[in-house]
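Visitor: I have a structure to look at for class. Please walk me through it, starting with the words I will need.

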Amino acid sequence: MRILVVEDEPKVASFIKKGLEQEHYAVDLAANGVEGEALAESNSYDCIVLDILLPRKNGLEVLQTLRKKNVTTPILILTAKDSVEDRVAGLNHGSDDYLVKPFAFAELLARIRALLRRRSGSDFQAELRAEDLVMDIPRRKVFRAGKEIDLSNKEFALLEYLLRNKNQVVTRNMIIEHVWDMSFDSFTNVVDVYINFLRNKIDRAYDRKLIHTVRGVGYTLKSSE
């Protein structure tokens, strides 16, 4: 899943980005409101973390503009402004949640996960399955036929995306939008490389292959369940 963090304090932005990447999220950063608004409009994000006191354009103005343009991505306001009036203003402008600085990363992560669950509704599951393949999201573990499989952060994120779209064809562009951040070089074959990494770990030792190529389109993870 891909998250946009709009935060002008470099240390705070770096702290959030590092923490979220360790949790297998792809993260884009914007250091001002104008840049954040442009990224939010032009890319597909699963969640946006938005500061209020931003240079060039205030976070509330960014929020209001995005909602007027029908950007429905869940937005979590992150700010040092902690009065009741500030919280009400953020919610009234269209934010989905509000977290005051200083904050514990564990709480930020929990709130982001709650927003993602809310957006996905009943389709969001802590445990994902396809045949004898099981992904335990909270523990960040993957098993096939009861045997644990060691995956890198990016392999885990890619497999999670495939599992959440089980039996559906996903294009390379769809994978890039949700698994890689904006530093990704779209002219490389890194998606195909990581698909092969997954195949070697998930399918190679088993007769029943789960990951399939749809020639000229993309990939699908098939399950008879």
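Guide: Helices (H or I, at least four residues) and strands (E, at least two) are DSSP runs, numbered from the N terminus. Residues are numbered from 1 along each chain as its sequence is written, and this is a predicted model. Local features need pLDDT of at least 70, side-chain atom pairs count only at pLDDT 80 or more, totals for chains, interfaces and linings use all residues, and side-chain values use heavy atoms, with hydrogens and water left out.

Visitor: Okay. How many helices and strands does the protein chain have?

Guide: Eight helices and twelve strands.

Visitor: What box do the C-alpha atoms fill?

Guide: Roughly 60 × 35 × 30 Å, taken along the principal axes. The radius of gyration, taken over C-alpha atoms, has a globule rule of 2.2 Å times the number of residues to the power 0.38. For 225 residues a compact globule would have a value near 17 Å, and the protein chain has 19 Å, which agrees.

Visitor: What share of the 225 residues is buried?

Guide: Buried residues make up 48%. Buried means under 20% relative accessible area, exposed over 50%, and partly exposed in between, with a 1.4 Å probe and protein chains only.

Visitor: Pick a loop residue. Where does N32 lie?

Guide: N32 lies in the loop between strand 2 (26-30) and helix 2 (33-42).

Visitor: Is N32 buried or exposed?

Guide: Its relative accessible area is 12%, so N32 is buried.

Visitor: Which residues does N32 touch?

Guide: Contact means heavy atoms within 4.5 Å. Not counting residues up to four places away in sequence, N32 touches V6, L54, P55 and R56.

Visitor: Why mention phi?

Guide: Most residues other than glycine have a negative phi, and most peptide bonds are trans. A145 also has a positive phi, about 55 degrees, and is not a glycine. A145 lies in the loop between strand 8 (141-144) and strand 9 (147-149).

Visitor: Which residues does a cis peptide bond join?

Guide: K101 and P102, with omega about -10 degrees. P102 lies in the loop between strand 5 (97-100) and helix 5 (105-120).

Visitor: New topic. Which are the buried residues of helix 7?

Guide: Helix 7 covers residues 172-179, and its buried residues are I175, I176, H178 and V179. These residues pack against several elements, among them strand 1 (2-6), helix 6 (153-164) and helix 8 (190-202).

Visitor: Strand 1 is on that list. What about R2?

Guide: R2 lies in strand 1. With a relative accessible area of 4%, R2 is buried. A polar atom of the R2 side chain lies 3.3 Å from the backbone oxygen of E177.

Visitor: And I77, buried or exposed?

Guide: At 0% relative accessibility, I77 counts as buried. I77 is in strand 4 (residues 75-79). Leaving aside neighbours within four places in sequence, I77 is in contact with L50, I52, L63, S95, D97, Y98 and L99.

Visitor: How many residues apart in sequence are I77 and V5?

Guide: I77 and V5 are 72 residues apart in sequence and 10 Å apart in space, C-alpha to C-alpha. In the protein chain, residues 24 or more positions apart account for 61% of the contacts with a separation of 6 or more.

Visitor: Last one. How far apart in space are T213 and S83?

Guide: T213 and S83 are 53 Å apart, C-alpha to C-alpha, and 130 residues apart in sequence. T213 lies in strand 11 (residues 211-214) and, at 43% relative accessibility, counts as partly exposed.

Visitor: With which side chain does the side chain of T213 make a polar contact?

Guide: With that of R199, at 2.7 Å. A polar contact is a pair of N or O atoms within 3.5 Å; within protein, one must be able to donate a hydrogen and the other to accept it, and residues adjacent in sequence count only if both atoms are side-chain atoms.
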